[in-house]
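Me: Can you walk me through this structure? I'll ask as I go.

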Amino acid sequence: MRLNKYTLTQHASGFLINVFLIIVSLTCVFPLLWMFGSSLKTQSTIFSDMSIIPGAMHWENFYLAWTKGGFGVYFLNSLFYTTIVVFGIVMVSSLAAYAFSRMNFPGKNLLFFMFLAAMMIPLPGSFVPLYVLVNNVRNVLLNAMAASTPFLLKVLPENFVYGTTSFIESQFYPRTAYILCMINVGLSFSIYMLKTFFDRMPKELEDAARIDGCSRLGIWRHVALPLAKPAIAVIIIYNALNVWNEYILANLILSSKNLMPLQRGLMVFQGEHITQYPLLMAGMTITVVPILIIYLVMQRFIIKGITAGAVVG
Amino acid sequence: MGFHLAEKIKQCYNALHNATPKQKVVGTVLLLAALETVFLFFHDSAVFWILAYGLVTLALIFLVLANIIKKSLAAFFFVVPALAIFSIFYIYPFFKVLQLSQHAWDGISPKMVFVGLSNFVEIMKDKIWWVSMRNAGYITLIALTFQNALALALALACDRQIRAKNFYRVIFFIPPVLSEVVVGLIWRWIYDGDYGFLNYTLNLLGLHQLTHNWLSDPNTALTCVAIIHSWKGFGWGFMILLAGLQTIPKELYEAARVDGANVWQSFKNVTIPLMIPVFVLVMILTILGSMQAFVLILSMTGGGPGYHTEVPVTRILASMQGSSMFGYACAQGLTFGVILMMVSFAQMGISRKLKQA
């Protein structure tokens with residue numbers, strides 16, 4: 001290669017650009033590495049030993065965080081909420097999107113426009129009325145249960161009645177309320193995304209299925225859903241990240257420790273044991289690792305979702 | 001009959017659809033004003049609520065009946081689950097905010113006291129609210145300049161590198177997929193005055209005079225939060241800008257080079273004009289996102305020291321959780337929502353002007 005002035009400046013600028021990119025990449029990764037390194041230190045070394053790879057690895061921190069720190073419960077809760085919410089969103093939004101794309105009914109455009117508007121109108125502090133709603137319904141539910149208990153006691157065994165009512169009050173209701181709220185959060189985007197996908201899909205396959213005697217629901221289940229797999233993958237990833245990382249509604253709706261997901265658990269742990277840094281760091285690693293794995297495996301779907309979401313907004 | 005009504009609705013819808021933007025805005029404002037007046041006068045009479053709910057119920061029953069006739073009920077079953085969740089968790093809260101913003105209510109007592117617009121008057125006088133507004137504006141300003149400049153620089157750098165592009169794309173999007181709680185807690189510790197990594201590094205480099213209690217000093221806390229917000233957010237801008245850059249045909253750059261343009265000239269005359277829609281999009285997303293960011297602040301500083309890192313949404317949360325003023329919290333939310341709407345409308349107007357020019 002001839003080394004004239006032009007190629008020299010080209011090489012120099014290429015080198016500088018690479019240095020710049022590498023420095024920014026390091027700042028993106030460094031906090032995570034440091035968090036992981038710190039989770040392997042002890043309470044006494046964490047403030048003195050600033051290295052990323054500690055001398056002695058204390059893997060038992062993860063065990064302690066999982067059991068004593070309560071992160072095992074939080075982790076399972078997060079997993080529970082994320083799976084159910086994502087499943088719910090896929091079901092509800094694909095049904096609605098299929099109707100918006102393929103069927104005719106009065107008010108169709110108006111309804112679809114409503115979902116679009118919900119995506120675009122910013123509603124800061126929408127958690128206030130949601131909290132009020134969840135609270136009011138809880139009160140109604142508690143009153144109804146209290147009123148019906150005397151009758152139920154006459155027909156059913158006592159243990160069963162009290163067990164069921166306390167289960168509904170402490171477990172079933174808060175979890176359901178949180179799940180429904182979170183389904184609503186992801187609904188508009190998912191409906192929009194799937195509707196545009198269905199619109200671009202050829203209708204011939206569905207016609208063939210209809211001629212073979214498939215019902216509307218059957219076509220949705222056996223033709224439309226399998227064909228929409230790429231779009232559904234985007235929706236699953238996008239919403240899974242969203243639910244896993246959600247904090248504020250979990251903060252307002254779920255008040256008992258055995259209901260909390262990870263983000264809420266982290267804040268509670270941080271408030272209660274501000275000095276137990278290694279366990280906190282271990283808890284944070286437990287929170288981050290599943291997200292990172294999903295992200296690295298599925299990143300091309302995530303990137304698609306971002307560009308789609310950006311075009312909407 | 002049903003068919004007739006559907007036609008009428010269609011006509012109204014078409015009329016709305018063909019209105020100019022100005023007419024739409026004026027119409028919406030007038031409609032809201034009319035609703036508000038009716039609401040103000042009749043909100044505590046039972047007849048009003050019976051009429052309102054009765055009309056809605058009748059309309060729904062009528063629609064369902066009309067649809068049995070038209071045999072499109074199947075479609076309704078497809079939409080009903082989504083519609084039910086949406087109306088309970090989006091439309092109801094929307095109107096609940098309107099109602100609560102005109103009441104004083106502690107969230108527990110069965111009676112709400114109607115106070116009209118005095119919640120909004122109170123907001124105008126609330127010094128901390130406007131401080132929080134200014135803080136959010138500051139964070140947004142840093143995000144608009146620092147974060148977007150970084151995102152653009154990285155996107156331009158990656159646009160040329162074909163081999164490593166995917167690698168950097170994966171790395172730069174790691175901060176956005178992390179939760180705000182985790183990011184806040186990690187950086188809170190890095191910034192820590194006594195044991196933080198930042199001060200440790202500064203000491204190591206011999207810059208003792210720069211070590212600082214970063215998050216408890218009123219002078220630096222907000223900037224630190226804003227920088228971390230930008231760190232968490234630049235991946236979004238990077239992705240969208242890179243996607244935009246990739247759509248620019250390479251022939252245009254070649255043509256520019258043949259015509260003798262240098263790098264800067266081809267950037268100025270080819271890249272920027274073609275990227276203006278993308279720039280506007282990124283700016284709107286940045287403004288809406290940064291103004292409403294608050295979980296990061298909760299986990300980093302909790303609004304402190306004093307009120308130096310409070311933002312509007314943390315104030316709303318504080319009015320609700322801290323001082324149990326639900327009506328006031330809703331009024332704050334409404335005010336802030338209207339301000340955000342105005343900002344994004346202004347942005348869209350500007351972008352339309354730019355497109356015409």
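Reply: First a term: pLDDT is the predictor's confidence in each residue, from 0 to 100. This is a predicted model, where local features need pLDDT of at least 70, side-chain atom pairs count only at pLDDT 80 or more, and totals for chains, interfaces and linings use all residues. Residues are numbered from 1 along each chain as its sequence is written, and chains are lettered from A and ligands numbered from 1 in the order in which they are written.

Me: OK. Where is confidence lowest and highest in chain A?
Reply: Helix H12 (residues 277-312) of chain A is lowest, at a mean of 80, and helix H3 (residues 71-102) of chain A is highest, at 93. Helices (H or I, at least four residues) and strands (E, at least two) are DSSP runs, numbered from the N terminus. The mean pLDDT of chain A is 85.

Me: How many helices and strands does chain A have?
Reply: Chain A has 12 helices and zero strands.

Me: And what is the radius of gyration of chain A?
Reply: It is 26 Å for chain A, while a compact globule of 313 residues would be near 20 Å. The radius is taken over C-alpha atoms, and the globule rule is 2.2 Å times the number of residues to the power 0.38. The C-alpha atoms of chain A fill a box of roughly 85 × 60 × 35 Å along the principal axes.

Me: New topic. How many residues of chain A are in contact with chain B?
Reply: 65 residues of chain A are in contact with 68 residues of chain B. Contact here means that the C-beta atoms, placed from the backbone, lie within 7 Å.

Me: What classes are on the chain A side?
Reply: The side of chain A that touches chain B has 49 nonpolar, 15 polar and one charged. Ala, Val, Leu, Ile, Met, Phe, Trp, Tyr, Cys and Pro count as nonpolar, Asp, Glu, Lys and Arg as charged, and the others, Gly among them, as polar.

Me: Which residues have the most contacts inside the largest nonpolar core?
Reply: Ala96(A), Leu249(A) and Val225(B), in a core of 155 residues. Such a core is a set of buried Ala, Val, Leu, Ile, Met, Phe, Trp, Tyr and Cys residues joined through C-beta atoms within 7 Å. Buried means 20 or more other C-beta atoms within 10 Å of a residue's own, exposed 12 or fewer, and partly exposed in between, with C-beta atoms placed from the backbone.

Me: What does Leu249(A) touch?
Reply: Leaving aside neighbours within four places in sequence, Leu249(A) is in contact with Phe127(A), Leu130(A), Tyr178(A), Cys181(A) and Met182(A).

Conventions. Two residues are in contact if their C-beta atoms, placed from the backbone, lie within 7 Å.
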